[in-house]
Amino acid sequence: MASLLIGIGGSASAATLSISDIVLDNLANPRGMTVGADGWLYVAQAGSGGDGASIVGGDGTTMSYGSTGSITRVRNGTQEIVAADLPSLAAEGGFGATGVHDVAFHDDALHAVFGFGGDPNQRSGLAAAHPSAALLGQVGRVDDGNVTAFADFASLELDGGQDDEANSNPFSLTTGPGGLIVSDAGGNDLLAVGADGAVDPIAFIPPAPNPLPFGPPVYQAVPTGIATGTDGTVAVALLTGFPFPEGTANVLGLAPDGSLGTIAEGFTNLIDVAFGLDGALFALETDSDSLLNPGTTGALYEVFADGTRSLLFDGLESPTGLAVGPDGTFYVAVNGLSPNAGQVLALTAAPAPVPLPAGLPLLVAGLGCLAILRRRR
């Protein structure tokens with residue numbers, strides 16, 4: 001097993017969790033995760049790109065195609081490949097790849113969402129060279145190792161979408177009424193997927209005023225992780241956008257009518273959210289001091305109903321995904337921008353100290369004094 005890369009420097013005084021295990025190691029750009037009803041933890045790996053045909057990403061970077069993405073599952077130390085040879089795009093070196101970004105179950109079927117990260121008008125040319133690239137920008141249904149296209153999001157951005165910018169990068173998915181709900185970090189919106197695969201926009205995340213003295217007058221708040229609680233509450237994480245001002249990332253709540261409200265605010269660069277079985281909500285920062293500053297060290301928080309929060313663990317290196325197991329174990333993907341050194345950590349609560357029975361300390365002290373007296377005789 002590779003050495004622990006995160007620097008176990010989560011502040012012990014603030015954290016209430018500790019690293020109990022490296023669940024998976026040597027991953028290629030790990031992203032979202034889910035725990036299935038079967039008890040397996042399913043992990044999306046965006047891959048490391050390849051040396052195939054290329055496109056220009058939304059940030060101007062040239063990204064090349066490769067069939068290096070996969071979905072892995074693990075339970076009780078046993079690891080299995082659920083689907084392999086999935087489409088992946090990355091710049092040379094494979095860091096920060098785009099590919100399968102998240103997985104979720106709906107109607108007992110596993111679904112996977114694939115990012116794109118650029119102008120979707122480039123997808124047809126890419127798919128002409130590599131047919132499986134057509135999955136990029138879509139949700140696929142996973143069955144016996146095969147992934148079949150189910151819902152196309154990128155096609156809604158061919159003419160620029162709601163923000164008049166042709167860019168699609170589906171990032172996360174969750175169950176919703178009658179289907180799935182997907183966040184598109186490129187289109188800056190939330191979309192519903194019906195049982196027939198039809199895609200309908202639900203909500204658009206508008207730009208927000210830039211509080212910093214540099215950069216554009218507004219920044220685009222980017223939706224990343226999305227999760228559904230046991231009571232039907234849908235929570236959405238916001239990454240914010242350039243120039244990534246600190247303390248401006250919020251957790252939003254999506255109402256059934258498509259309106260958005262603020263659950264909690266004051267975070268920085270949120271990448272994922274997850275619910276526990278008891279309805280508790282948790283939020284993961286990928287970088288707690290702005291992506292403009294050196295390093296990408298994030299933190300995990302519990303978010304309370306009144307909008308306050310509690311730090312559970314910090315010092316997480318480039319975290320990119322979060323899931324909560326039925327036993328309360330937190331699974332966090334770290335080193336999530338690496339083409340070969342990604343990990344999934346298990347974080348668990350430290351066992352509470354066992355209280356001593358009343359009178360036992362006095363008894364122990366008395367026995368100690370008696371032993372000393374006997375030695376002196």
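1. A nonpolar core is a set of buried Ala, Val, Leu, Ile, Met, Phe, Trp, Tyr and Cys residues joined through side-chain atoms within 4.5 Å. Keep that in mind for this predicted model. Its largest nonpolar core has 23 residues. Ile-71, Leu-89, Phe-114, Leu-126 and Val-142 have the most contacts inside this core. At least two core residues come from each of strands E3 (41-45), E5 (62-75), E6 (78-90), E7 (100-106) and E8 (109-114). E6 gives the largest share, four residues. Another core, of 22 residues, lies apart from this one; Ala-185, Val-222, Leu-322 and Phe-330 are among its members.

2. Look next at Phe-114. Beyond its neighbours within four places in sequence, Phe-114 is in contact with residues including Leu-86, Pro-87, Val-100, Leu-135, Val-147 and Pro-170.

3. Now the surface. Phe-214, Phe-242 and Leu-292 form a nonpolar patch there, with about 290 Å² of accessible area together. Leu-292 sits in the loop between strand E22 (281-285) and strand E23 (297-303).

4. Check the loop between strand E18 (234-238) and strand E19 (249-254), where Pro-243 is found. The peptide bond from Phe-242 to Pro-243 is cis, with omega near 10 degrees. Phe-244 lies in this loop too. Phe-244 is not a glycine, yet its phi is positive, about 50 degrees. Is Phe-244 buried or exposed? Its relative accessibility is 17%, so it counts as buried.

5. Asp-144 also has a positive phi of about 50 degrees without being a glycine. Its loop runs between strand E9 (138-143) and strand E10 (146-152). Asp-144 is exposed, at 74% relative accessible area.

Technical notes. Residues are numbered from 1 along each chain as its sequence is written. This is a predicted model: local features need pLDDT of at least 70, side-chain atom pairs count only at pLDDT 80 or more; totals for chains, interfaces and linings use all residues. Side-chain values use heavy atoms; hydrogens and water are left out. Patches are made of residues with over 30% relative accessible area and no salt bridge: like charges are joined within 9 Å, nonpolar side chains (Val, Leu, Ile, Met, Phe, Trp, Tyr) within 5 Å. Accessible areas come from the Shrake-Rupley method with a 1.4 Å probe; for residues, only the protein chains shown count as cover. A salt bridge is a side-chain nitrogen of Lys or Arg within 4 Å of a carboxyl oxygen of Asp or Glu. Buried means under 20% relative accessible area, exposed over 50%, partly exposed in between (1.4 Å probe, protein chains only). Contact means heavy atoms within 4.5 Å.
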